[in-house]
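Student: I would like to go through this structure with you. Where shall we begin?
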Amino acid sequence: MSEAKTTVDMDTIASLCKRRGFIFQSSEIYGGVSGSWDYGPFGVELKRNIKNVWWRDNVQRRDDIIGLDAGILMHSRVWEASGHIEGFTDPLVDCKNCKKRFRADHVVDGRCPECGGELTEPRMFNLMLKTFLGPVEDEASLTYLRPETAQGMFVNFANVVDVSRKKLPFGIAQIGKAFRNEITPRNFTFRTREFEQMEIEYFVKPGTDEEWHERWVEERFEWYIQYGMRREYLRLRQHEGEELAHYAKATYDIEYLFPFGWAELEGISNRTDFDLRQHTLHSGREFTCFDEDTEEHIVPYIIEPSGGVDRAALAFLADAYHEEKVRKRKRVVLRFHPDLAPIKVAVFPLLRNRPELVALAKEIASDLRPHMMTMYDDTASIGRLYRRQDEIGTPFCITVDVETLEDNAVTIRDRDSMEQMRVPVPEVKDTLLEKLGRG
Ligand code: ATP
């Protein structure tokens, strides 16, 4: 992580997330639990939207990638074969003075980051969370909560090839929870013990792997920009030496300039044929594809774009955050891409004590609901209602005013320009769909 800084700090983001209902601390009433977070009403929508656009772009819109949803619990031998039992470790150091624990590779000058005390020699700590299947807690029933979704796609490789008849190159995509017993969860939702991944395992002919690796790195980089991230807040970094995972020939990280500095958003690895060969070795099953050019069965190489949903959500939140002065007052606005905005439109009556306005606003909201996430609100003055929606990044607000009763038209306010336009009620839905890019 570098020392570069953004204009917004993490506390500002975290407090907005709590205040407005994006993210809450897990089990807060019991003092909270470290490394786990709960997504509130707007956070859940943001995350869903990120997963939906990822799925739409990578599965629905492509002919060469198909989806899978494998279990979190797998046979413990999966983790033996994958090398995770042996090698999925981080170096742990203890402070001899304050007794706190740290990841050795996150310590900058060899002293305790909290109190400056002396640290112990590093020892390896396995990051997998253990659990037991069934009523007896013994070696035979021991397994792990998956630390990555990838293995579900490798062990199902033959099933997917059989049913889909896909030829190389092709991919399997999956979104799901993963768990890692991180030594120091930190930076809000950046590093947690429970998180979601969006992963693609893209199977290619050996020899074409480097070219595909480059293509995926570029494609994934541009994807974040497509959904609104500032290009200058993104960069690529190649893993070197010991940082390279036990399965990888080469890895690039897409890094984002988070409020605490540059850090990984997504990793794109060339996993070679390591995983499929390991599973053949341990299960005795063959994992091959028929290559029509050479008329041989070959073990494909794998390119893996692996991103975190929570990290993407945090980066999109930080990137969308803007503060500006409007009529001498601070306006906080999340400039989300319309596809990611939790709520697409909010509808208000200008005067909540006028039953005709309330009824009409509710009717407009319910007409819009089948087409987009819509919110009705009359719990504050109009200025306040606008501010609330700005803070959750709602692209459009509709106000029903007294004139509406005469001209059957409403005001649509644009989040970013704050410009207002008058639109006849029967045209509201189509106008919004067009503005949202879904016309
Ligand atoms: P790090 O070096 O930061 O511990 P990693 O390189 O081990 O991470 P990968 O194994 O490449 O991470 O995981 C792929 C993606 O999954 C990451 O880019 C990140 O978005 C997400 N991810 C991994 N670990 C966590 C975590 N503890 N909390 C949230 N997201 C995570």
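Tutor: Let us begin with a pocket. Please keep in mind that this is a predicted model. Helix H11 gives the most to the lining of the second largest pocket, namely four residues.

Student: What is the volume of the second largest pocket?

Tutor: The volume is about 340 Å³.

Student: And how many residues of its lining are charged?

Tutor: Seven are charged, while three are nonpolar and two are polar.

Student: Let us turn to the ligand. How many residues surround the ligand, and which are the closest?

Tutor: There are 16 residues around the ligand, and the closest are Glu182, Arg191, Thr192, Glu264 and Gly308. By class, this shell holds seven charged, six polar and three nonpolar residues.

Student: Which strands supply at least two residues each to the shell?

Tutor: Three strands do: S10 (194-204), S13 (261-272) and S16 (301-308). The largest share, four residues, comes from S13.

Student: How much of the ligand's accessible area does the protein cover?

Tutor: On its own the ligand has 600 Å² of accessible area, and the protein covers 86% of that.

Student: New topic: how many aromatic pairs are found in the whole structure?

Tutor: The search finds 19 aromatic pairs. One example involves phenylalanine 157 and phenylalanine 170: their ring centres are 6.1 Å apart and their planes meet at 20°, so the pair counts as stacked, the cut-off being under 30 degrees.

Student: Which parts does that pair tie together?

Tutor: Phenylalanine 157 belongs to helix H6 (residues 157-164) and phenylalanine 170 to strand S9 (residues 170-179), so the pair ties together parts 13 residues apart in sequence.

Student: What is found in the loop between H6 and S9?

Tutor: Proline 169 is found there. A cis peptide bond joins leucine 168 to proline 169, with omega at about -5°.

Student: Why point that out?

Tutor: Because most peptide bonds are trans, and most residues other than glycine have a negative phi. Phenylalanine 188, in the loop between S9 and S10, has a positive phi, near 60°.

Conventions: Residues numbered from 1 in each chain as written. Predicted model: local features only at pLDDT ≥ 70, side-chain atom pairs only at ≥ 80, totals over all residues. Heavy atoms only, no water. Near = heavy atom within 4 Å. Areas by Shrake-Rupley, 256 points an atom, 1.4 Å probe, with all protein chains shown as cover. Nonpolar A, V, L, I, M, F, W, Y, C, P; charged D, E, K, R; others polar. 1 Å grid on protein atoms, 1.4 Å probe; cavity = no way out; pocket = protein on both sides within 12 Å on 5 of 7 lines; lining within 4 Å. Points joined across faces, edges and corners; volume = space filled by probe spheres on them. Phe/Tyr/Trp six-rings, centres within 6.5 Å; stacked < 30°, edge-to-face > 60°.
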